[in-house]
Amino acid sequence: MRLRQLQLQLPSSATSSLRAAPSRPWRPTPFRFVPTLTPPPSLSRSLSPRPRSFCSSSASRPLPEPPSVAAPEESSKRAPLKPGLYLVGTPIGNLEDITLRALRVLRSADVILSEDTRHSGKLLHHYDIKTPLLSYHKFNEHQREHTVLKRLKQGEIVALISDAGTPGISDPGTELAKSCVEENIPVIPIPGPSALVAALSASGLSTEEFTFVGFLPKHSGARRERLLISANEAKTQIFYVPPHKLHQFLEEASTIFIESRRCVVAREITKIHEEFWRGSLGEAKEAFLTRQVKGEITLLIEGKTECSVEMPSEDQLENELRHLMSSGHSLSAAVKVVAEGTSTSRKVVYSLALRKLGQQRKGGDD
């Protein structure tokens with residue numbers, strides 16, 4: 001059958017030769033291994049895989065390890081901090097607003113002085129910091145100072161933090177820093193967030209010169225005296241205002257400053273409900289009359305300009321004098337404050353005081 005199929009495919013001449021050939025048993029041709037031809041050197045170099053340098057030289061010269069970012073704990077071990085008082089700035093709302101250096105100091109310190117240990121404990125827990133906390137606030141800072149100074153003199157690292165922002169700025173820490181300076185103990189600032197700088201930078205008011213007033217005095221007379229001085233300054237005025245005293249502040253400021261004076265109410269800075277309200281003092285008084293706001297407030301008022309100078313009337317001067325004198329100021333002291341706060345001649349104010357309030361003069365006045 002196989003031969004018949006081959007005959008059908010071969011020409012006639014080939015078929016006849018096959019018939020004439022003697023019949024022999026079929027044997028398979030043995031398989032022969034043919035050696036591989038060696039390619040030319042150039043082709044051999046191109047085809048052969050190139051050995052990697054880190055394999056061929058690993059026995060004689062190990063590769064340097066790639067640089068890695070050291071964790072704060074590791075870097076602090078390599079470069080120990082020197083003993084002293086570290087004033088560490090902490091977030092004013094957003095926990096991400098903390099520097100790597102601040103974390104390193106908090107981890108390396110022997111103790112952390114905290115305004116509120118419960119509040120600061122949340123920050124330390126967030127960053128897995130195990131350093132012990134010691135309460136240090138305005139009600140116990142004088143009692144704690146001796147103990148803290150003793151630990152510092154023994155060579156300890158003491159970190160001071162407040163509830164938010166930079167310690168010592170309207171927060172505990174100023175007196176401790178002064179004592180350390182007097183005792184030649186190093187005081188090292190660790191810069192961080194600050195509500196007044198953050199609010200000023202985004203306020204839209206002049207940043208060339210400013211006065212940081214902070215919290216106003218609780219006493220009404222001292223509070224009005226401070227507002228009178230601020231109203232007469234050409235620099236941007238920055239105040240810290242508790243939320244429950246915002247209405248009181250705007251009411252007093254709008255009567256002492258010109259109502260058209262621009263202001264900015266910065267609230268909940270860096271937090272989810274951050275707000276920057278901008279307008280005049282008169283508009284602010286109306287806008288926040290019925291609003292119950294939350295969170296600490298940084299309130300900025302633009303400085304006095306030449307075009308906004310208005311001479312107060314005699315009634316306004318008399319009212320200011322009465323307020324100050326009813327708060328305990330002598331007549332001469334009240335005259336001085338009103339004259340400086342309203343740019344009115346002291347002679348004019350004193351003459352008015354004698355005519356209107358002369359009967360209230362106390363012994364010893366000029």
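**Reading rings, strands and loops in a predicted model**

Author: Ring pairs link Phe-212, Phe-215 and Tyr-240 into a cluster, where rings of Phe, Tyr and Trp (its six-membered ring) pair if their centres lie within 6.5 Å. This is a predicted model, in which local features need pLDDT of at least 70 and side-chain atom pairs count only at pLDDT 80 or more, while totals for chains, interfaces and linings use all residues. Residues are numbered from 1 along each chain as its sequence is written, and side-chain values use heavy atoms, with hydrogens and water left out.

Reader: How many aromatic pairs does the structure hold, and what describes a pair of aromatic rings?

Author: A pair of aromatic rings is described by the distance of the centres and the angle of the planes. Planes under 30 degrees apart count as stacked, over 60 as edge-to-face and the rest as tilted. The structure holds four aromatic pairs. In one of them, Phe-212 and Tyr-240 have ring centres 5.0 Å apart and planes at 70°, so this pair is edge-to-face. The pair links distant parts of the chain, 28 residues apart, with Phe-212 in strand S6 (residues 210–214) and Tyr-240 in strand S7 (residues 236–241); strands (E, at least two residues) and helices (H or I, at least four) are DSSP runs, numbered from the N terminus.

Reader: Are Phe-212 and Tyr-240 buried or exposed?

Author: Buried means under 20% relative accessible area, exposed over 50%, and partly exposed in between, with a 1.4 Å probe and protein chains only. Phe-212 counts as partly exposed because its relative accessibility is 27%, whereas Tyr-240, at 12%, is buried. Trp-277 and Phe-288 form an aromatic pair that is also edge-to-face, at 5.7 Å centre to centre and 70° between the planes. Trp-277 lies in strand S9 (residues 275–280) and Phe-288 in the loop between helix H13 (281–287) and strand S10 (297–301), so this pair ties together parts that are eleven residues apart in sequence. Both Trp-277 and Phe-288 are buried.

Reader: What is the order of the strands in the open sheet, and which are its edge strands?

Author: Strands of a sheet pair through backbone hydrogen bonds, either parallel or antiparallel. Here two strands pair if DSSP finds at least two bridges between them. The open sheet has five strands in the order S6-S7-S10-S8-S9, with mixed pairing. The edge strands are S6 and S9, each of which pairs on one side only, and the twist averages 20° from one strand to the next; for such angles, axes are lines fitted to C-alpha atoms (for helices over the stretch in contact), and values run from 0 to 180 degrees between N-to-C directions.

Reader: In which sense do S6 and S7 pair, and in which sense do S7 and S10 pair?

Author: S6 and S7 pair in the parallel sense over four bridges; in S7, Thr-236 is the bridge partner of Phe-210, and Phe-239 is that of Gly-214. S7 and S10, in contrast, pair in the antiparallel sense over five bridges, with Ile-301 in S10 as the bridge partner of Gln-237. Helix H11 (residues 220–231) lies across S6 and S7, running at about 150° to S7, and helix H12 (residues 246–256) lies across S7 and S10 at about 10° to S10. S6, H11 and S7 make a right-handed β-α-β unit, meaning that, with the strands pointing away from the viewer, the path from the first strand over the helix to the second runs clockwise.

Reader: Which residues point one way from S7, and which the other way?

Author: In a regular strand the side chains alternate between the two faces of the sheet. Thr-236, Ile-238 and Tyr-240 point one way from S7, and Gln-237, Phe-239 and Val-241 the other way. Six of the six residues of S7 are buried, so S7 is largely enclosed by the rest of the structure.

Reader: Where does Glu-156 lie, and which side chain makes a polar contact with the side chain of Glu-156?

Author: Glu-156 lies in the loop between helix H8 (141–153) and strand S4 (157–161), and counts as buried because its relative accessibility is 19%. Its side chain makes a polar contact of 2.8 Å with the side chain of Arg-151; a polar contact is a pair of N or O atoms within 3.5 Å, where, within protein, one must be able to donate a hydrogen and the other to accept it, and residues adjacent in sequence count only if both atoms are side-chain atoms. Leaving aside neighbours within four places in sequence, Glu-156 is in contact (heavy atoms within 4.5 Å) with Pro-83, Gly-84, Asp-110 and Arg-151.
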